[in-house]
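Subject: Structure handover

Hello,

Here is the structure I said I would pass on. My notes on it follow below.

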Amino acid sequence: MAQVTIHVQPRPYQARIENGLLARAGALLAELLPQSSRVFVVTVSPVRRRWGAKLARSLAAAGFKPQIIQMPDGEMAKELRTIEKLAEKLVRLGADRKAVLIAFGGGVVGDVTGLLASLYMRGVELVQIPSTVLAQVDASVGGKTGVNLGAGKNLLGTFHQPRAVLIDPNLLRTLPNREFRGGLYEALKCGIIGDLDLFLRFEQKRAKILKRDPVELEGVIAQSVKLKAEVVSADEHEGGLRRVLNLGHTIGHALEAETGYRTLRHGEAVAWGLIAATSIALAVGRTDSVTAGRIADAVLGLGRLPELKVNPRKILARLQSDKKTQGGVVHFVLPREIGKVEVAADVPENVVIAVVEKLHRLSRGRMGKLDLSIDDF
Ligand SMILES: NC(=O)c1ccc[n+]([C@@H]2O[C@H](COP(=O)([O-])OP(=O)(O)OC[C@H]3O[C@@H](n4cnc5c(N)ncnc54)[C@H](O)[C@@H]3O)[C@@H](O)[C@H]2O)c1
Ligand SMILES: [Zn+2]
């Protein structure tokens with residue numbers, strides 16, 4: 001079993017990664033929590049149907065009497081009303097300040113349950129048992145919680161670190177293919193940011209990863225979590241360092257928003273964002289063409305991405321009004337070499353526009369040979 005410690009205040013916690021861990025969840029939690037704890041599992045129907053009984057059995061065998069609470073599935077449910085309804089339900093079920101909430105699902109369940117745990121009776125314990133690639137490699141670690149507002153995504157939220165994160169890559173067997181691949185781009189991102197070995201896995205074991213080979217998946221997920229944990233441990237509340245995790249997300253978020261969150265899964269937008277950041281890095285002389293080519297091949301090697309229908313100028317306007325923009329200056333995380341990134345605040349606007357135009361052509365298959373260089377300025 002891989003075990004990763006996340007060093008945060010007031011208490012460090014561990015993420016454990018192992019195939020089959022779900023069956024041992026009860027025993028592991030019994031080591032961490034008093035047996036008398038009232039445990040409430042928040043989940044969604046697709047996860048409950050496939051894996052709920054197994055988790056319930058494991059918790060019961062360890063002496064807990066879990067209550068399962070179902071919330072509506074999907075990003076639309078990531079709203080304040082859901083928190084309120086879940087809280088009312090907790091009250092009806094008699095949950096007090098000693099309650100323990102288990103987030104059992106993808107990133108949506110994790111973010112909602114995390115926020116609920118930080119608010120309910122001014123804060124109760126939280127355990128994350130993530131069930132999508134994205135939640136296993138990213139959302140379940142780091143303590144960010146949140147819901148969306150009409151005005152934008154994740155605008156209401158808190159930091160609430162879980163007591164433990166239990167990651168069972170077996171759960172990914174039932175994940176729809178597009179969700180599965182979408183999460184892999186986030187894992188690949190971790191390799192580019194700071195783990196050459198992880199990146200090499202994608203280059204050398206791609207077929208096995210895509211076939212969901214359990215050993216390969218466990219390795220990919222453990223290494224991604226380790227990278228995220230290192231960054232979060234060094235910068236719990238997003239000072240400067242944690243920004244590197246935004247690699248691929250600056251343009252990725254703008255693409256998602258500009259396409260109305262309909263045509264692209266988050267991970268697919270990040271995939272295009274990774275290619276964009278690489279292309280920008282090449283254009284402004286921060287990386288070389290061999291590195292850029294390797295990154296683009298690794299991204300595109302995971303499968304075909306949806307076509308982009310976006311206006312480059314509108315993307316630029318979105319970047320400039322993004323909540324993370326500081327004083328109108330857009331900060332890009334750019335790859336320098338595999339495993340090393342840097343933050344740049346001096347990317348010219350015409351480079352951004354040229355790169356988005358290039359993505360557009362690339363996504364429509366209009367480029368015979370992959371060429372990320374920009375020669376028009
Ligand atoms: N807190 C953070 O640091 C952080 C980081 C990244 C993303 N997020 C958030 O995560 C959310 C996206 O998460 P997601 O991509 O996991 O989407 P999701 O939670 O909506 O899950 C995707 C779909 O897969 C289904 N599903 C989940 N596990 C399954 C399984 N094992 N088998 C079959 N079906 C399964 C779900 O029911 C859902 O329909 C976004 O809201 C994003 O903002 C948070
Ligand atoms: Zn992401």
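Is Val355 buried or exposed? Val355 is buried, because 25 other C-beta atoms lie within 10 Å. The scale behind that word is simple: a residue counts as buried if 20 or more other C-beta atoms lie within 10 Å of its own, as exposed if 12 or fewer do, and as partly exposed in between, with C-beta atoms placed from the backbone.

Before the rest, two remarks on the source. This is a predicted model, in which local features need pLDDT of at least 70 and side-chain atom pairs count only at pLDDT 80 or more, while totals for chains, interfaces and linings use all residues. Residues are numbered from 1 along each chain as its sequence is written, and chains are lettered from A and ligands numbered from 1 in the order in which they are written.

Surroundings of Val355

Val355 sits in helix α14 (residues 349-363). Leaving out residues up to four places away in sequence, Val355 touches Ala276, Ser279, Ile280, Ala283 and Ile374; a contact here means C-beta atoms, placed from the backbone, within 7 Å. Ile280 is 75 residues from Val355 in sequence, but their C-alpha atoms are 6.7 Å apart.

Overall form

The protein chain has 14 helices and 11 strands, which are DSSP runs (H or I of at least four residues for helices, E of at least two for strands) numbered from the N terminus. Its radius of gyration is 21 Å, close to the 21 Å that the globule rule gives for 377 residues, so the chain is as compact as a globular protein of that length. That radius is taken over C-alpha atoms, and the rule is 2.2 Å times the number of residues to the power 0.38. Of the 377 residues, 48% are buried.

Domains

The chain divides into domain 1 (2-175) and domain 2 (176-377), with bounds from an automatic or database domain assignment. Their centres, over C-alpha atoms, are 28 Å apart. In domain 1, 26 residues are in contact with 25 residues of domain 2. On the domain 1 side, β1 (2-6), β2 (13-17) and α5 (133-139) each give two or more residues, and the largest share, five residues, comes from α5.

Ligand 1

Around ligand 1 there are 28 residues, of which Gly106, Gly107, Ser131, Thr132 and Ala139 come nearest; a residue is near if its C-beta atom, placed from the backbone, lies within 6 Å. At least two residues of this shell come from each of α2 (45-61), α4 (107-119) and α5.

Nonpolar core

The largest nonpolar core has 118 residues, and those touching the most other members are Val42, Leu101, Ile102, Val225, Leu274 and Ala277. Such a core is a set of buried Ala, Val, Leu, Ile, Met, Phe, Trp, Tyr and Cys residues joined through C-beta atoms within 7 Å. Helix α11 (residues 266-283) supplies the largest share of this core, 12 residues. Both domain 1 and domain 2 contribute at least three residues to this core.

Helix α10

In α10 (residues 249-258), eight of the 10 residues are buried. The cover over these buried residues includes α11, α13 (312-321) and β10 (332-337). Just after α10, Gly260 has a positive phi of about 65°.

Regards

Notes. Contact = placed C-beta atoms within 7 Å.
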